[in-house]
Amino acid sequence: MSKIDIEPLHHLSPGIFALEQAAQAEGFRFISRLISEWQSGVQRFDAPGACLLAAYLDGKLVAVGGLTPDPYAHEADTGRIRRLYVTPTARGRQIGQTLLQRLLAHAGPHFSLVRVLTDTTAGDAFYLRCGFQRIKDPHSSHALRLSLS
C-alpha cells in the first residue's frame, strides 16, 4: 500500500516543477502562476489564515493546494481555496479530497465561508462531492459554509 503524507509547504521544493509540467500537459496554468507568484513574493500563503499544503505519495510530490483570505469577498471571514491540483497518476486515491479536508480544517478557526473558482466539469463534480454548493459569482463557482466549532 502506498504512503500518503500531507505537509505544509514553507518553500517550493524541486518537485513543484514536475507538478507544473503535469498541469501544463492538461492545459492548466495555475501551478505556473503559483510558482511565479511565490518567486516574486506576491503570494506566499503567509497571510493570517493562509496555508499551502503538499501531498506526497511514497515521497513524491503529487498534489498541492492552498488557502488564503478571499480577495474578492466583501466579508473578512471568507477564505478561498487556491491552486488545488492532483497529478493524473495520483487521482482516484482520494488525495484531493484529503488535501481539501485538511485545508478546510485549517480554515475553520479563521473563516466562516470558503469559496473556490473552477471552470471544469471534473472540478465542479469534485467540489459538489466535497459538500460545496454552486454559486453565481463572477469570481467564485462554489462555496461551503463552515460549521462554527
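The protein exposes about 8,300 Å², by the Shrake-Rupley method with a 1.4 Å probe. Carbon and sulfur atoms supply 52% of that area. This is a predicted model: local features need pLDDT of at least 70, side-chain atom pairs count only at pLDDT 80 or more, and totals for chains, interfaces and linings use all residues. Residues are numbered from 1 along each chain as its sequence is written, and side-chain values use heavy atoms, leaving out hydrogens and water.

**Fold and size**
- Four helices and seven strands make up the element count; these are DSSP runs (H or I, at least four residues; E, at least two).
- Their order from the N terminus is β-α-α-β-β-β-α-β-α-β-β.
- The C-alpha trace spans about 35 × 35 × 30 Å along its principal axes.
- Of the 149 residues, 49% count as buried (under 20% relative accessible area; exposed is over 50%, partly exposed in between; 1.4 Å probe, protein chains only).

**Charge**
- There are 16 positive side chains and 13 negative ones, with Lys and Arg counted as positive, Asp and Glu as negative, and His and the chain ends not counted.
- The centres of the two sets lie 3 Å apart.

**Aromatic cluster**
- The protein has five aromatic pairs (ring centres within 6.5 Å; planes under 30 degrees apart are stacked, over 60 edge-to-face, the rest tilted).
- Phe28 and Tyr85 pair edge-to-face, 6.2 Å centre to centre, with 70 degrees between the planes.
- Phe28 sits in the loop between helix H1 (15-25) and helix H2 (30-40), and Tyr85 in strand S4 (residues 78-86), 57 residues apart.
- Phe30 and Tyr85 are also edge-to-face, at 6.1 Å and 75 degrees.
- Ring pairs link Phe28, Phe30 and Tyr85 into a cluster.
- Tyr85 is buried at 3% relative accessibility, whereas Phe28 is partly exposed at 24%.

Technical notes: The place of a charge is taken as NZ of Lys, CZ of Arg, CG of Asp or CD of Glu. Rings of Phe, Tyr and Trp (its six-membered ring) pair if their centres lie within 6.5 Å; planes under 30 degrees apart count as stacked, over 60 as edge-to-face and the rest as tilted.
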